[in-house]
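I set out to look up a few local features and some overall figures in this structure. The entries follow in the order in which I made them.

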Amino acid sequence: MSHLEYFKNRHTIRKYQSQEISKEKLDEMLAAAFHAPNTGNMQWYSVVVTCDENKKQELAPAHFNQPSVTGAAAVLTFCIDLNRFEHWCKINNAQPGFNNFQSFIAGIIDTSIVAQQFCTIAELSGFGTCYLGTTAYNAPLIAEILKLPKRVVPVITVTVGLPLETEPQGATTRIPAQAIIHYEQYQHPTDEDIRSYYKQIEEESHKFVVENAKETLAQVFTDVRYPKESAEHFSKIYQEFIKENEF
């Protein structure tokens, strides 16, 4: 399989075999991932690896008890980590000035890049991975469970393990590339363009419209999966946690 074929056909794995991943293998894949590009080679991130069954059970409620948390061989919590770098600055007679929004954004970007690099390495090594979007919802609880010090903020959680599925799966449908690519300047889509971009996804996901008694798939996203009230609630929690960590 070519690299392009791999990326076109990769898919999220949420169910795993019971087989463990050795610490040596996890360390090897993570060490390779840490060669990802980052801001100024400062590497403002850390990863907490959870393999212990009891600890995974403890983490599960923070991720709304998604089965992939307790079913995975390992749960990796990728965090912005200014604690380590600022410590290095202070013992070297340098005064860090990273308690600001710009530094937070740099940390978010770098942590996201290294998490994705790990996922690619793990999948090319025969493992399955799943991103959990719940990390930013319950960051204070995750930080408490993982004993994170100040200036260390959870950003992304990835579950990893050997896939339980034995049959090959096709890639998840995405909107066409031409809907996303803009040469030279942004091209505003027409209503007809938008309908054509989302047509296949709407057809494949019509069951969710029926199940949720909605008129359109868009309503499933705005009213059921990602309602404004929920987003505002969890935004407030994360914003307060970020402020507590002096960003």
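**Helix α8**

Helices (H or I, at least four residues) and strands (E, at least two) are DSSP runs, numbered from the N terminus.

I then checked the length of α8. The helix covers residues 191–204, and its 14 residues should span 20 Å at 1.5 Å a residue; the end C-alpha atoms are 20 Å apart, which agrees. The expected span is 1.5 Å times one less than the number of residues.

This is a predicted model, in which local features need pLDDT of at least 70 and side-chain atom pairs count only at pLDDT 80 or more, while totals for chains, interfaces and linings use all residues. I number residues from 1 along each chain as its sequence is written, and side-chain values use heavy atoms, with hydrogens and water left out.

I took one C-alpha distance for each. I194 and N41 are 40 Å apart in space and 153 residues apart in sequence.

**Whole chain**

How many helices and strands are there in the protein chain? I find eleven helices and four strands. The C-alpha atoms fill a box of roughly 60 × 45 × 35 Å, taken along the principal axes. Of the 247 residues, 37% are buried. For contacts (heavy atoms within 4.5 Å) with a separation of 6 or more, residues 24 or more positions apart account for 79%.

**V114**

V114 sits in helix α6 (residues 101–124). I list V114 as buried because its relative accessible area is 1%. Leaving out residues up to four places away in sequence, V114 touches A33, F34, A36, Y45 and F78. F34 is 80 residues from V114 along the chain, yet their C-alpha atoms are separated by 6.2 Å.

**Positive phi**

Most residues other than glycine have a negative phi. I noted two residues with positive values.

R151 has a phi near 80 degrees. R151 is in the loop between α7 (139–145) and β4 (152–161). Is R151 buried or exposed? It is buried, with a relative accessible area of 5%.

A213 has a phi near 55 degrees. Its place is in the loop between α9 (206–211) and α10 (217–225). A213 counts as exposed, at 69% relative accessibility.

**T134**

T134 is found in the loop between β3 (128–132) and α7. I list T134 as buried because its relative accessibility is 5%. Its side chain makes a polar contact with the side chain of Q66, at 3.3 Å. A polar contact is a pair of N or O atoms within 3.5 Å; within protein, one must be able to donate a hydrogen and the other to accept it, and residues adjacent in sequence count only if both atoms are side-chain atoms. Setting aside neighbours within four places in sequence, T134 is in contact with A62, H63, F64 and Q66.

**Largest pocket**

Q66 turns up again among the residues nearest the centre of the largest pocket, together with R14, G133, R225 and Y226. The lining has 16 residues. β3, α10 and α11 (228–244) are the elements that give two or more residues to it, and α11 gives the most, with four.

The space in this pocket is about 650 Å³. On a 1 Å grid over the protein atoms alone, a pocket is an open set of points where a 1.4 Å probe fits, with protein on both sides within 12 Å along at least five of seven lines; lining residues have an atom within 4 Å of a point. Grid points are joined across faces, edges and corners, and the volume is the space filled by probe spheres set on the points.

**E240**

My last entry is E240, in helix α11. E240 is partly exposed, at 41% relative accessibility. E240 and R174 are 34 Å apart, C-alpha to C-alpha, and 66 residues apart in sequence.

Definitions and conventions:
Buried means under 20% relative accessible area, exposed over 50%, partly exposed in between (1.4 Å probe, protein chains only).
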